[in-house]
Amino acid sequence: MAGVVLAKPRLAARAGAFVALTKPRIIELLLLSTIPVMFAAERGVPDVLLVVHVVAGGYFSAGGANALNMYIDRDIDAVMSRTAGRPIVTGMVSPREALVFGITLAVGSTVWLGLLVNVLSAALALAGLLFYVFVYTLGLKRRTAQNIVWGGLAGCVPVLVGWAAVTNSLSWPALVLFLVVFFWTPPHYWPLSMKVREDYRKAGVPMLPVTKGNLAVARQIVVYSWAMVAVSLLFWPVAHTTWLYPIAAALLGAAWLKEAHGLYARAKAGLAGADLREMRLFHWSITYLTLLFVVVAIDSLMR
């Protein structure tokens, strides 16, 4: 009887470890950019069952990519304090199990989307997964300080998947939102990498804060932030939105730029550590993307 009692927590912990391999908090952001795009593509409320199929397939696809990423980066994760609690590092999941799990999710998600949504969305999701695993994780991450810039392309793919799921095609509004996420990704992630710079240095990963320092990173954040806000406003004429979208995008963009320039000013003044307050922009970036895409969905209902 005692063995049964002990087995339950172990089973729950193992299940939780496999869920952790998928990086669910990151996937939340990916799905956040998928569902509102489906509203925009439909110009109204999309079919509920289709949304369920896309969300499930998208989770499996991104989860498979993340599991394979953890399998490949298990040596780095063991060195960095931020990732030392990940399932492979702790031994809760073996490397072989993570590899099989990731491949299974990759194959399963492709078949799922291909059968229940359409071939185009399945192909796009698979392309994003392969890009993340082979181009970013294996090719860029350990070799260039621009890793997050180009590696972030994989995180933009859910926008295209959502649009393709509804229309079985791609068009300019989808491309504009794709570019919004593309320009959003570096200034979203660089503040976090500034905070854990020593972790990356210890692991030998050439993140921009490691190779260039805080001031150079803050300067790049400002550049990408302006590009992101400009592209976000381009969605207005391209998608023929109502008055709501441009006003909301402008206000959200102004708040973002204030935070980005504030970080640059603190870095330029030589502030570091807690005084740099780089995580303010990181946390705001999540709020920004959430609100912007919610507005995309609401605007679609107003047309």
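Where is W243 found? W243 sits in the loop between α14 (214-239) and α15, where helices are DSSP runs of H or I with at least four residues, numbered from the N terminus. Please keep in mind that this is a predicted model, in which local features need pLDDT of at least 70, side-chain atom pairs count only at pLDDT 80 or more, and totals for chains, interfaces and linings use all residues. Residues are numbered from 1 along each chain as its sequence is written, and side-chain values use heavy atoms, leaving out hydrogens and water.

W243 is exposed, with a relative accessible area of 57%; buried means under 20%, exposed over 50%, and partly exposed in between (1.4 Å probe, protein chains only). Together with I247, L251, V294, I298 and M302, W243 makes a nonpolar surface patch of about 590 Å². Two or more residues of the patch come from each of α15 (244-268) and α16 (279-302), and α16 gives the largest share, three residues.

Now let us turn to a helix pair. Helix α4 (residues 48-72) packs against helix α7 (residues 95-116) at an angle of about 155 degrees, with their axes 8 Å apart. That makes α4 roughly antiparallel to α7, a term for angles over 145 degrees.

Finally, look at the loops. Most residues other than glycine have a negative phi. N168, in the loop between α10 (153-167) and α11 (172-195), has a positive phi of about 55 degrees although it is not a glycine. R277, in the loop between α15 and α16, has a positive phi of about 50 degrees and is not a glycine either. N168 is partly exposed at 49% relative accessible area, and R277 is partly exposed at 39%.

Note on methods
Patches are made of residues with over 30% relative accessible area and no salt bridge: like charges are joined within 9 Å, nonpolar side chains (Val, Leu, Ile, Met, Phe, Trp, Tyr) within 5 Å. Accessible areas come from the Shrake-Rupley method with a 1.4 Å probe; for residues, only the protein chains shown count as cover. A salt bridge is a side-chain nitrogen of Lys or Arg within 4 Å of a carboxyl oxygen of Asp or Glu. Axes are lines fitted to C-alpha atoms, for helices over the stretch in contact, and angles run from 0 to 180 degrees between N-to-C directions. Angles under 35 degrees count as roughly parallel, over 145 as roughly antiparallel, 65 to 115 as roughly perpendicular and the rest as oblique.
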